[in-house]
Amino acid sequence: MALATTSELIRSALRNYRTQTGVSGSTAASYAARLRVVLGEQRHRIRPGSRSATRRASHPTAARVLAAIRQREDIGVSATRTRSRLHLPNAPPDAAREGEGAIDWVPAQFWTRSPAHARRAQWRKQHATMSRLAFQHDSRTAQLADYASAHSRLFSRAPRAITGDQRISTLIEGLAVVYGMTPSTLTTLTQGSGPRDDSDLVIDFREGRLWIRLPRVGYNNDTLSQACAEASRSGSDWASVPLVPYLRDVARLLHTQQEPAIMRSFAEVTRKIERRRLARLARSLPGWLTRCGLPGVLASLLTGDFDYTPYLATSAYINVSEQHVRMAHVSAFRCFEAQIAAECRRRAWTFASVLGPGMAPSLSGNRHFGSRIVPLTGRLQQAIQALETRRREARLGGSLTALARAWNLTAVYTWFRLSWAAALRPCRDPVVRRGDVEPETGWIFVRDKDSPFSRESRLVPLALRDAQLLERFAHDGDRVRVRLRAMTRTAMDQLADDAVFFLVVDGRARSLSAQLVRLVLQQEGLGDLFPWPLNAPRHYWLTRALELEMPIDQIEPFIGHSHEPLPWGSLSLVSLKRLSETMRRLGTILLREAGFRAE
Amino acid sequence: VTFENLLVDLDRLLATPRSISGGLRQLGQRMSTRCPEASGIASLVIKLYDPCLDERWILALWPSTQLLFATTATRLQAPAPIRRRLVTLLHQLRNEFQPATTSSRLRPSFTRAPFAAFHWSSWRAVAHRRARLYVVVATLVHIRVRALEHGMAPDGMRFGSRIEANLYSYLRAARVACMYAEPLSELIPDLRHELVHGTGDDI
């Protein structure tokens, strides 16, 4: 069809572009907006008030180095070291006396804001405010009295004393008030002795065990190499957890019936249960258990429904054992049950614990499930040790080949160390830029997520010596750049002036990328020792944080999993300084665990 | 319309408002010395792309230079004799003074010389029988994006090195349009005429 207007021309070109390259709709939309300015009738002026238009201001040091190169001066002598740094305003004296630091008063533009879902964000903010101010009551949240009533009604009789459909009803409602499974999730429950292809939630009546399919986010486990599998913990797409003793006994009693009869009865009983009240109890339970110390990701896991929960991404990272999940749940539930028991006493209702006197470890083994790329600590230490042994000083006076190889290895090592110290994402763009490191207080400003859907930047606390190491590395990088520019024919045109991490490959300086890291490791003969995807540190971090019983909900925002309520929200009562100390402590522990030497 | 007026208008529409590098200035002086009658054109040629462009790219960009001057003169409705004189002087300048070329197989840097990178890569695509739309829209794109640069230039200190990045975001979109647009034969003659000759808004 003939094109008659500029708009049609733009639309047709971008349609072809999308079809042939598969770029996202948002990219095409941004091109369309610009094309309306350059080809169409739309008028536009780029204003300095726009953050993206001015964010990367020219760097004085880079400008001086470039000018010096043009004038062929002795750069090593003339280039002064006045690196611009992240300047954080000091906390007001009153706040400082209460233990708040500069980071608590960081300007708002450093924190990401959700541009969409304004109404939902407003609701969450109000809800989070109530929560932070210790007002736990919310019309949507089931309160202790509701749980006390349910417990008294459901669990006050011994399992053997319950008969018929009531036994099924007890199991169904028990799954809701003990694990937080909503009625809509429970309608998908099927019976089996293990994972089934046709279901996401399976109950094994004989063993008294739940099988829950984990959501697959971002990884295709089929493409992970055999070498990676051998060097990593075993994982699985199916989580499993033994039922608490009371429900396990009920399930075993039901097992004596014929299987088709149970499931038919299940469907009938589920229809008869008052869904709205049960849904309220189930929906509120993860919140109560989280308050009692259960990590949010595990609370969400036990509900059997990860869709649209804020812990969806985190769930893809962790590798935990059945026993760990069970003990964490029991520990939190025991704490919650104590509050329910107190409420029952106050109201003179009967109460019986569903947990029983003690929880013995399961006899059927302790299977691990979740991420398949959590490195085995021994293999990891072996790889890091080999990398440290191979490192050598990058001598500016030597040959270009020797300098490039030594520098590449240093850059890769420093990148690995940083990603293990702060669980950064594998970079797709210079992740840390010049001036984004604050070595004196141990903070870096990272931009490690750059997808078509979101651009994420955040401040991350770093142990002081690692921040200083990074600063030293940036300084060394300046000297290498000067050497490459002044005395070699190395092409620098694809290297951003403000990139801290760069490599020299095939006569060209390039920003560090996952492919180039792999290339350097192969060239040094270390490729086989690092079979994991470069995202592995994040998996290891979250997994170990859970195992070490660190407050994972406080750590997650620093590694880029931001979900409301954020610890640095405007009404937060938590000091970021304290949170950052937790993060730094964990970073130091994990660096040591991974085998990195203290620099 | 006089030839001098035409040069003033070309300068207003096409040339960078920012201060150019020493290398480009020296090249302009050498051109003016060797070919005094084309000194007005020479001063335009060196300001046609980016302030920091390596002067060795000027000859490689000559086809685009001619295209931009000739099409803009048409958009300005300059009389045929004046346009002929413009083209003659451009040819004379190129024949008399061939600047040093670059042997590099690389393109000009998108981040430092976005105009040059856009024109060089698009012309190369045209030479390989692709991106034919470039021939029609090159001048319009150049004028519009230059207008954006004019808007940013007074606040140059605040924009810093983002000026080039901001400009390239628009030139990149234009390049995508050139590469993926339907063949020129799919454009109706009126649209082609409008893209080449303009509607007078930019003048």
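This is a predicted model: local features need pLDDT of at least 70, side-chain atom pairs count only at pLDDT 80 or more; totals for chains, interfaces and linings use all residues.
Is Asp506(A) buried or exposed? Asp506(A) is exposed, and its relative accessible area is 73%.

Asp506(A) sits in the loop that joins strand 10 (502–505) to strand 11 (508–511) of chain A. Its phi is positive, near 55°, although the residue is not glycine. As background, most residues other than glycine have a negative phi.

Ala348(A) is found in the loop between helix 17 and strand 6 (368–370) of chain A. With a relative accessible area of 69%, Ala348(A) is exposed.

Four strands form an open sheet in the order 1-2-3-4, with mixed pairing. Strand 1 (190–191) and strand 4 (238–242) of chain A each have a single partner strand and stand at the edges, so one side of each lacks a neighbour in the sheet. Within it, Leu210(A) is placed opposite Val241(A) of strand 4 of chain A. Helix 17 (residues 322–347) of chain A lies across strand 3 and strand 4, and runs at about 50° to strand 4 of chain A.

I now turn to chain B, and to helix 5 (residues 80–96) of that chain.

Which residues of helix 5 of chain B are buried? They are Ile82(B), Leu86(B), Leu89(B), Leu90(B) and Leu93(B). These residues cover an arc of only 100° around the axis, and therefore lie on the same side of helix 5 of chain B. The general principle is that an α-helix has 3.6 residues a turn, so residues three or four places apart point the same way.

What covers this buried side? The cover of the buried residues of helix 5 of chain B includes helix 1 (3–14), helix 2 (22–34), helix 3 (39–45) and helix 4 (62–75) of chain B. On the face of helix 5 of chain B turned away from the buried side are the exposed residues Pro81(B), Arg84(B) and Asn95(B).

Notes:
Residues are numbered from 1 along each chain as its sequence is written. Chains are lettered from A and ligands numbered from 1 in the order in which they are written. Side-chain values use heavy atoms; hydrogens and water are left out. Two strands pair if DSSP finds at least two bridges between them. Helices (H or I, at least four residues) and strands (E, at least two) are DSSP runs, numbered from the N terminus. Contact means heavy atoms within 4.5 Å. Axes are lines fitted to C-alpha atoms, for helices over the stretch in contact, and angles run from 0 to 180 degrees between N-to-C directions. Buried means under 20% relative accessible area, exposed over 50%, partly exposed in between (1.4 Å probe, protein chains only). The expected span of a helix is 1.5 Å times one less than its number of residues. The arc is that of the directions from the helix axis to the C-beta atoms.
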